[in-house]
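Hi there,

Here is the structure I promised to pass on. Have a look at it first, then read my notes below.

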Amino acid sequence: MTRPSGSDHGNVVRLPVAATTTDRLRTGALLAATAAQVLVPVIGPLLGQRPVGEVSKDTPSIVTPPDWAFGVWGPIFAASAGAAVVQALPGQQTSRTAREAGWWLAAAAAGNALWEFVAQSGRYRATPPILWGIVAAAGAAHVAGQRSEPTAAGRLSTGSNGMLLGWTGLAAAINTADVLLDIIKVDPNSRRGQAISLGLIGGAAAGVTAVVGASRRGAAAVAATTSWGLSTLAATTPRTPVRLTGWAGVSAVAGGLMTRIAKGRRVVDLLG
């Protein structure tokens, strides 16, 4: 007979915890949402929808990174898929990481799929609230990740979500700036337009810097994708105010990461 707990030469013996119905439902939701966020951009155009990139170009912008910068979604999707599959493995469904962050990870992935569908359908003005919802879900998962187990599975989950949080935090600000200026009929190149756009970008950089500086786990993952977006924007824009704001944001985020490193965080903890 196996003991529920006990001691073997001073070591506590722990029995594996059986997965509950809630665990299985959460795992299924995460797998489905993770698959959906990858499939919607592929299936949409086949059903007559326009690619997200084409739709977004209908709205003038001075703060959107170059097209090739959005290739960052490849690593984000791949890492998220890996984390979802790992959480579905026997023994992982009942882990602390899965139970505390799983539903938030599923919500963020589902939000991505919804954002893609709405954008591809041409309703670009409706996308900012969805993006901020993704940021909120990814942020909640990041908070849960600070308490996750220091295992490979826990680090993969925290790291992949950190990449998503860093990118969508910046993307939500850019999306909001572009849609807001389009709604109020303000030219992005005007002084007022630049002030609104750069104010939102600067605010996003400040927010990410605060998150990175306060994160015990996954700080580098968050910093990496935000810095990628800001640096590609700054390196390719012909507009000096945008360039200065972009590089200032990169410097601020790097400063937040240096703060974590100075506190003696291990590299593996910074990644996830």
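Leaving aside its neighbours within four places in sequence, which residues is S227 in contact with? Before the reply, some ground rules: this is a predicted model, where local features need pLDDT of at least 70 and side-chain atom pairs count only at pLDDT 80 or more, while totals for chains, interfaces and linings use all residues. Residues are numbered from 1 along each chain as its sequence is written, and side-chain values use heavy atoms, with hydrogens and water left out.

Now S227: with those neighbours set aside, it is in contact with V250 and V253. (Contact means heavy atoms within 4.5 Å.) S227 lies in helix α8; helices here are DSSP runs (H or I, at least four residues), numbered from the N terminus. S227 is buried, as its relative accessible area is 16%. For that word, buried means under 20% relative accessible area, exposed over 50%, and partly exposed in between (1.4 Å probe, protein chains only).

**The core**

The largest nonpolar core has 33 residues. By nonpolar core I mean a set of buried Ala, Val, Leu, Ile, Met, Phe, Trp, Tyr and Cys residues joined through side-chain atoms within 4.5 Å. I76, W115, Y124, I134, V212 and L257 touch the most other members. Helices α2 (52-56), α3 (73-87), α4, α5 (127-145), α6, α7, α8 and α9 each supply at least two residues of this core, and α6 gives the largest share, seven residues. Skipping residues up to four places away in sequence, V212 touches A219, V222, A223, V253, G256, L257 and R260. There's also a second, separate core of 13 residues, with I62, A204, L230 and V242 among them.

**Helix α7**

Helix α7 (residues 191-214) has 24 residues and reaches 34 Å from its first C-alpha to its last, close to the 34 Å expected. (That expected span is 1.5 Å times one less than the number of residues.) Its buried residues include G193, L198, I201, A204 and V212. Among what covers the buried residues of α7 are α6 (152-183), α8 (219-236) and α9 (240-262). In the loop between α6 and α7 you'll find K185, which has a positive phi of about 60 degrees although it is not a glycine. K185 counts as exposed because its relative accessibility is 66%.

**Salt bridges**

The structure holds eight salt bridges, meaning a side-chain nitrogen of Lys or Arg within 4 Å of a carboxyl oxygen of Asp or Glu. One of them joins R26 and D23, with the closest N and O atoms 3.0 Å apart. Both lie in helix α1, three residues apart, about one turn of the helix. R26 is buried at 3% relative accessible area, and D23 is buried at 2%.

R147 forms another with E100, the closest N and O atoms being 2.9 Å apart. This pair links distant parts of the chain: R147 sits in the loop between α5 and α6 and E100 in helix α4, 47 residues apart. R147 is partly exposed at 40% relative accessibility, and E100 is partly exposed at 28%. Finally, salt bridges that share partners join D23, R26 and R99 into one network.

Cheers
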